[in-house]
Protein chains: 2
Amino acid sequence: MPYRKTPSEIRRLEAAREHLVACATSVVAEVGWAQTSVTAVADSAGIAAGSVYQHFPSKAALAVEVFRRAAGREVEVLGEVLDGEGDPVERLTRGIEVFARRALENRGLAYALLAAPAEAAVGAERLEFRRRYRALFAEVVRQGMAAGLLPAQNGEITAAALTGAIGEVLVDPLGTPSGHTTDELLTDLTAMALRCAGAPAV
Amino acid sequence: MPYRKTPSEIRRLEAAREHLVACATSVVAEVGWAQTSVTAVADSAGIAAGSVYQHFPSKAALAVEVFRRAAGREVEVLGEVLDGEGDPVERLTRGIEVFARRALENRGLAYALLAAPAEAAVGAERLEFRRRYRALFAEVVRQGMAAGLLPAQNGEITAAALTGAIGEVLVDPLGTPSGHTTDELLTDLTAMALRCAGAPAV
DNA sequence: GGAAGAAGTGAACCACCATTCAGAGCTTCC
DNA sequence: GGAAGCTCTGAATGGTGGTTCACTTCTTCC
């Protein structure tokens, strides 16, 4: 057997795969799923179109991987904040802020994750992603109710509403140019979210 | 000039066009924009694929027409309710109810209007559609603030949040099967919306 | 150095639809 | 009836873009 992958070769291949995923993520964030062709991704990664198929069996599989990575990061970050220090209302406030700030910092990606037209496989991932977001918010709302900080309510609906509301506000291209600074937008957004959960006005 | 369209012939053609739009709307509501082919629409309307092009210059033009009709109806209905009788909070409550009830009665269409993957031309229409929804809600919120029924807030953001929140709750396929009756869902949804706008708890 | 076998290439292939168009079938009016 | 001009048809066309594959290039190990 005159050829066997050395550890360094394996690492090189893994790195190439990572690079491919990273480049694909950039392309998607820039032009959206619909405009992302295999050729464009390959070009961006500096490899031939055919080489993409050394790492992924299909374009859809690559798209799903891109989505999972990006969505996973967001869920993880939000989860850490919502599970962190402070009472449930404080954590909810910080969670909204983090969610919103990250989305505003990379609008293209946020749009791709939350709303951009995508093929069926990505659509299914998106549903799962939203479900996880909802579960995180719902848990904090539940804690807030248990602690007597929030009024009785259907936590699942509040959680879904928060996801939808923030997405709608952030994703709409008209969101920023309408004369608000980012900070004003964040202030108004968190105020709205707290009202939505029923937290007493500050 | 041995041929000239008679009034009845003109009516026949208009009816055929209406029928085509109606059938296309059904197909879209059933399978979504992405799965809607010209052939499928033509079959559903009982005509040949080529005949579609007697009424519309392109598939995109037909799709836009389908979207405009359906979206226009929704905006009109919501607008009438929000401009109707009662104080702003009452009208807002009824508006949410109507929005939600209509969406629940025709989920496929609601999904197509609010969220389903679609080509660029339809995406642009959808932005406009959401903008109109937002404007309607924002006006009622503004009136509520003026009447002292709602606290000071960024009405545009509240309006966007309402649109996003309701859409998220209604569109997610997991919305209903989770053990709620439609009426419970509507009750929880309006309660959430009123909190979101800052209306005092009832 | 050289054999064995993997990764990388990119032009060719192919499936999928929107769109077209030459001809068939109607409708109108003399 | 028949000429003129329309609507309707559906197989053929064409563009797009994911996928394949014969070939080249690189890596490993004797």
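What does Glu156(A) count as in terms of relative accessibility, and at what percentage?

Reply: The model is a predicted one. In it, Glu156(A) counts as partly exposed, at 44% relative accessibility. This class covers values between the limit for buried residues, under 20%, and the limit for exposed residues, over 50%.

The side chain of Glu156(A) has a charged partner. Glu156(A) and Arg134(A) meet in a salt bridge, with 3.7 Å from N to O. In general, side chains of opposite charge can pair when their charged atoms come close.

Arg142(A) and Glu139(A) form a salt bridge of 3.0 Å, N to O. Both residues lie in H7 of chain A, 3 residues apart, which is about one turn of the helix. An α-helix has 3.6 residues a turn, so residues three or four places apart point the same way. Arg142(A) is partly exposed at 44% relative accessibility, and Glu139(A) is partly exposed at 31%. Elsewhere in chain A, salt bridges with shared partners join Arg17(A), Glu18(A), Glu65(A) and Arg69(A) into one network.

Another residue of helix H7 of chain A is Glu125(A). At 16% relative accessibility, Glu125(A) counts as buried. Glu125(A) touches Val64(A), Phe67(A) and Arg68(A), when residues up to four places away in sequence are not counted. With one of these, Arg68(A), Glu125(A) forms a salt bridge, and the closest N and O atoms are 2.9 Å apart. This pair links distant parts of the chain, since Arg68(A) stands in helix H4 (residues 59–82) of chain A and Glu125(A) in helix H7 of chain A, 57 residues away. Arg68(A) is partly exposed, with a relative accessible area of 47%, while Glu125(A) is buried.

An unreviewed UniProt entry places the feature "domain: HTH tetR-type" at residues 14–74 of chain A. That span is 75% helix and 0% strand, and its end C-alpha atoms lie 23 Å apart. UniProt, again in an unreviewed entry, also lists a "DNA-binding region" at residues 37–56 of chain A. Over residues 37–56 the chain is 60% helix and 0% strand, with end C-alpha atoms 14 Å apart.

Helices H7 (120–146), H8 (155–171) and H9 (182–197) of chain A each supply at least two residues of the side of chain A that touches chain B. The largest share of that side, 9 residues, comes from H8(A). One salt bridge of chain A with chain B joins Glu168(A) to Arg130(B), the closest N and O atoms being 3.2 Å apart. Across the interface, 10 residue pairs are in polar contact.

The extent of this interface can be described in two ways. The contact takes 30 residues from chain A and 30 residues from chain B. The two chains bury about 2400 Å² between them, with 61% of this on carbon and sulfur atoms. Ile157(A), Glu168(A) and Arg195(A) supply 28% of the area that chain A buries against chain B, more than any other three residues.

For a view of buried side chains along a helix, consider chain B. The buried residues of helix H2 (residues 38–45) of chain B are Val38(B), Val41(B), Ala42(B) and Ala45(B). Seen down the axis of H2(B), they fall within an arc of 95°, so they line one face of the helix. What covers them includes helices H1 (7–31), H3 (52–55) and H4 (59–82) of chain B. Just after H2(B), Gly46(B) takes a positive phi of about 75°.

Conventions:
Residues numbered from 1 in each chain as written. Chains lettered and ligands numbered in written order. Predicted model: local features only at pLDDT ≥ 70, side-chain atom pairs only at ≥ 80, totals over all residues. Heavy atoms only, no water. UniProt positions renumbered as here; feature names shortened; annotations may be inferred. Helix = DSSP H or I, 4+ residues; strand = E, 2+ residues; numbered from the N terminus. Buried < 20%, exposed > 50% of the residue type's maximum accessible area, 1.4 Å probe, protein only. Arc of directions from axis to C-beta. Contact = heavy atoms within 4.5 Å. Buried area = accessible area lost by both parts, 1.4 Å probe. Salt bridge = Lys/Arg side-chain N within 4 Å of Asp/Glu carboxyl O. Polar contact = N/O pair within 3.5 Å; in protein donor to acceptor, adjacent residues only side chain to side chain.
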